[in-house]
Amino acid sequence: MTEPQVRSGWPLYEVFLRGKRGLNHVHVGSLHAADPQMALHHARDLYTRRNEGVSIWVVAARDITASSPDEKDPFFAPSGDKVYRHPTFYEIPDDVPHM
Amino acid sequence: MTDDEFAAYQSLSEETGDHRWAFGTGFTDPLEGIDASVPDSVDAAALAAYCLMLGDDALVYSHRLQQWMTRMPELEEETALANIALDLLGQARMLLARAGLAEGEGRQEDQLAFFRDEHEFRNVRLVEVLDADFAELAGRLLIFSAWRLALFSRLAESADPVLAAIAAKGVKELAYHRDYAAQWVIRLGDGTSLSHGKMQAALGTIWPLVEELFEADPVTAALPGVAADPAGLRGEVDAVLETVLAAATLDRPGAAPMARVAGKSGRDGVHTEAFGYLLAELQSVARAHPGATW
């Protein structure tokens, strides 16, 4: 049989939890694991010890594509002066409820 | 952790209003608030002895698992094993407390855990032996949790309501322990030729102590409808082990069962040499400072 490649260290996984009453999964931290299934187990053991979660996502950190700090200005600065994108420039009629 | 991350984590662990958590030292009676009377149809002395057996299994094995702390290969695995040891310690506390109440001589969990001598412990010998390596840890945990899960799923229907409740709670814990151990046995067995060899050798070392798990004992026999027949667990445990060993490409060992001593084994208070050292460590603080609290 061919020997599987031996790693010097386990890859990093990012952990997302959904709490009982929360709506979205929230990033809570990261951990090391050999594969996604083990990462799920580790997430359960490390991040739900105090009953925080009812659902766990794990994602290999290497699979996350992140915006770079170097691109901060081209990415985000252009939206900084466009206040008109906030829906605050019109009157809400009196007879529209629940706004 | 940044403030943002901390806030996110806080929102997950928000107070839910169900006060289940025991903080500090005010938490002294694991069965507090429970009707602890023994049903008329149940032999109270036998029930006490039975809870002692099952409590000792959990107490001693929990201690063995705790001895792995600071020695695990990864931080994540260490937390996982600490969680398992803590689950078993919780089971031990409830079972020993139940044993003390059913016995009716005023002994509480601490007296039973820390002030009995070696020959008074009723645990099976499987749980008292020191793991030589990580493969033995995985193999022993798989066998122990597969067996205890089979046992507790039957005890959840016990005629003693307290024992039934303790077992029902334990089933969920043990299902996770079994899953955790099975994953490691498969990972090692189906891994490299080195890990396969070590896992197979570990099973061979543990195997002589497996037979004892299914042997009949007079305490169980005296509790029809309350206790579960050990022999009746064999089918379920064998099926689980067969599935895991097949996935792990491991062979079922053929090692002969460890001999009984003058017809006696762990359930009769006859233990292996390693047990004396374990017990000395487990009991030393409580015996040096009787009645101490912290």
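Six bridges tie strand S1(A) to strand S3 (residues 55-60) of chain A, and the two run antiparallel. Strands here are DSSP runs labelled E of at least two residues, helices are H or I runs of at least four, and both are numbered from the N terminus. Two strands count as paired if DSSP finds at least two bridges between them. What you are looking at is a predicted model, in which local features need pLDDT of at least 70 and side-chain atom pairs count only at pLDDT 80 or more, while totals for chains, interfaces and linings use all residues. Residues are numbered from 1 along each chain as its sequence is written, with chains lettered from A and ligands numbered from 1 in the order in which they are written.

Let's stay with S1(A) for a moment. Across from A:Phe16 you will find A:Trp57 in S3(A). Strand S2 (residues 26-32) of chain A is also joined to S1(A) by six bridges, again antiparallel, and there A:Leu17 stands opposite A:Val26.

Put together, these strands form an open sheet of three with the order S2-S1-S3 in chain A, paired antiparallel. S2 and S3 of chain A stand at the edges with a single partner strand each, so one side of each has no neighbour in the sheet. On average, neighbouring strands of this sheet are turned by 30° against each other, direction ignored. Axes are lines fitted to C-alpha atoms, for helices over the stretch in contact, and angles run from 0 to 180 degrees between N-to-C directions.

Now for the two faces. In a regular strand, side chains alternate between the two faces of the sheet. In S1 (residues 12-18) of chain A, the covered face holds A:Tyr13, A:Val15 and A:Leu17, whereas A:Leu12, A:Glu14, A:Phe16 and A:Arg18 make up the uncovered one. Helix H1 (residues 36-47) of chain A lies across S1, S2 and S3 of chain A, and runs at about 130° to S3(A).

Over in chain B, B:Met53 sits in helix H2 (residues 44-66). B:Met53 is buried because 21 other C-beta atoms lie within 10 Å; the cut-offs are 20 or more for buried, 12 or fewer for exposed, and partly exposed in between, with C-beta atoms placed from the backbone. As for H2(B), 19 of its 23 residues are buried, so the helix is largely enclosed by the rest of the structure.

Methods
Two residues are in contact if their C-beta atoms, placed from the backbone, lie within 7 Å.
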